Every structure is written in structure tokens, then in C-alpha cells.
Amino acid sequence: MDVEWVFKAAAPGPDDMTLINAMAMRELGADEVYTFALRLCDNEIDRDFERFDDQALDELAGLFLGAPGIFDHCWSARGQTARLYHTEVVTEQGQLTSDGRPYRWLKGWAYMMRTEDNADLIAEIDGGIKREVSVGCAVERVTCSICGQDLHDCFHEKGEMYNGQICHGVLCGAKDAYEWSFVAVPAQRQAGVVKNKRYGGPDPHEPGEEPPPSDDGKALQRAKALLELEKIRYGGNQNGTNQ
Ligand SMILES: [Zn+2]
């Protein structure tokens with residue numbers, strides 16, 4: 001996987017400090033805060049065969065402003081959080097999603113206090129230790145990429161192929177963005193996929209939980225489709241201009 005999720009940011013400039021101080025409890029100096037940028041989410045089809053639609057991404061940009069970030073689980077207990085002070089949807093010129101749409105992603109700029117408690121984490125980010133970001137958010141509906149109906153109402157199934165297209169859920173109408181979290185990347189991706197999208201629907205599924213396959217044939221087809229998707233997404237044709 002070549003997608004970078006966390007970027008070291010330069011020292012905060014006057015514009016950053018204006019935005020940060022608009023949400024801080026007191027006037028902070030540039031030497032008191034540490035800033036970094038991250039990829040919150042994008043419009044690529046993910047491992048659960050779901051993706052945000054472009055409008056939802058734009059809506060999330062507004063909803064995530066001010067949202068707190070947590071770092072693994074032990075960090076949050078100690079009150080080590082960061083906040084997003086700026087968000088922006090980035091369109092990568094010339095880069096397409098696995099199904100051929102222009103690749104867009106939501107970039108967030110976060111700040112945290114330069115305290116002793118945060119020193120290790122800051123050193124990790126500075127050192128480029130790989131981390132992944134997951135987001136907790138709610139959307140109004142999930143529609144079918146094949147027929148456009150609510151995914152619960154049609155007969156298409158996520159992960160299956162229809163006329164050469166992988167059926168996936170399109171997440172529409174962002175309602176809320178609760179938090180984002182910053183997690184260590186598992187050494188073996190297949191061993192622990194970290195995911196924390198919450199849709200607020202009737203049957204939210206837990207992070208990392210896969211719906212049980214209904215029979216062996218379906219499971220095999222799903223596995224093949226997933227492999228195909230991973231190949232398209234992370235395969236050799238990545239001309240990514242990650243920043
Ligand atoms: Zn459908």
C-alpha cells in the first residue's frame with residue numbers, strides 16, 4: 001500500500017495560528033503547538049466495498065472541522081488529543097480511483113499541544129512512523145453502485161461483479177463526524193484491518209468485522225473480487241502523487 005495517511009507539517013505559520021486560535025481556549029503561541037496533516041478519507045472503494053460519494057466528502061470537510069482525534073486507545077485515556085483546525089478536499093490531477101473516477105481525498109490539518117505527554121507521539125510523527133487514519137462518521141444512506149437504489153432494497157450484493165463492475169455501497173449524505181483516530185498500521189494488513197466508519201444506520205457493524213459469507217461459493221467470489229480490487233488499487237500502476 002502506497003497511500004500515505006499522515007504527513008509532517010511545517011512549523012505553523014500565522015495563518016495556521018489564526019485558525020488554531022479561533023478554536024483554542026486561550027491565545028496560543030506557535031511554539032506551543034505541533035501541527036501535522038493527514039488523509040482523513042477518500043472516494044476510493046474500500047475493503048468493505050464501500051466509498052464516499054463526492055458530495056459526502058465535501059460535507060465531511062465541514063463536519064470534521066474542530067473534530068477531536070485520538071491516538072490508538074491508550075492515548076485517549078490520558079487525554080492526548082489533537083483537533084482539526086482546517087480541512088480541504090484535494091483532487092489529485094490525473095489520478096483515478098480503481099473504477100475510473102477522479103481521485104479525491106479529504107485532507108485535514110491538526111494541532112496538538114507540545115506537552116511532555118505528547119512528546120513521544122510528536123517524535124513518532126516526525127520520525128515518519130507509519131500510521132493509518134480511520135474516521136467515525138454517519139451518513140444518511142448507502143446506495144447501490146449498480147442500480148442507485150438503497151443497498152438494502154435491491155438484489156445486488158456488495159463485492160459481486162455485475163457486467164464487469166464491482167458492486168459497492170456509495171455512502172451519501174454525511175450527517176455527522178464524531179472523531180478520527182490515528183492507529184498503528186498492522187504489520188500484516190490482512191491480519192487486522194482497522195476500520196471505524198459508523199453510519200448510524202439500523203445495523204452498524206463493528207470495526208474489522210466482516211459480514212459472514214452465506215455460502216462457500218459466494219465467499220470465494222467475494223475473495224476474488226477483493227483481490228482484484230486490491231490489485232487495481234495498490235498494484236503496479238500507482239502513479240500516485242502523494243504529498
Ligand atoms: Zn442495486
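Analyst: Two residues are in contact if their C-beta atoms, placed from the backbone, lie within 7 Å. This is a predicted model, in which local features need pLDDT of at least 70, side-chain atom pairs count only at pLDDT 80 or more, and totals for chains, interfaces and linings use all residues. Residues are numbered from 1 along each chain as its sequence is written.

User: What share of the contacts with a separation of 6 or more joins residues 24 or more positions apart?

Analyst: Such pairs account for 72% of those contacts in the protein.

User: Why is Asp 53 called partly exposed?

Analyst: A residue is buried if 20 or more other C-beta atoms lie within 10 Å of its own, exposed if 12 or fewer, and partly exposed in between, with C-beta atoms placed from the backbone. Asp 53 has 18 other C-beta atoms within 10 Å, so it is partly exposed. Across the protein, 26% of the 243 residues are buried.

User: Where is Asp 53, and what does it touch?

Analyst: Asp 53 sits in the loop between strand E3 (50-52) and helix H2. Helices (H or I, at least four residues) and strands (E, at least two) are DSSP runs, numbered from the N terminus. Leaving out residues up to four places away in sequence, Asp 53 touches Val 170, Leu 171 and Cys 172.

User: What makes a set of residues a nonpolar core?

Analyst: Its members are buried Ala, Val, Leu, Ile, Met, Phe, Trp, Tyr and Cys residues joined through C-beta atoms within 7 Å. In the largest such core, which has 37 residues, Leu 60, Phe 64, Ala 110 and Tyr 111 touch the most other members. Strand E2 gives the largest share of this core, seven residues.

User: How do you know that E4 and E5 pair?

Analyst: Two strands pair if DSSP finds at least two bridges between them. Three bridges join E4 to E5, so these antiparallel strands pair. In E5, Thr 81 is the bridge partner of Ile 70.

User: Which face of E4 is covered?

Analyst: Gly 69 and Phe 71 form the covered face of E4 (residues 68-71), while Pro 68 and Ile 70 form the uncovered one. In a regular strand, side chains alternate between the two faces of the sheet.

User: What is the confidence over the protein and over residues 186-196?

Analyst: pLDDT is the predictor's confidence in each residue, from 0 to 100. The protein averages 78, and 72% of the residues score at least 70. Over residues 186-196 the pLDDT is below 50, though this stretch has 20 contacts in the model beyond near neighbours in sequence. Where pLDDT is low, the predicted coordinates should not be read in detail.
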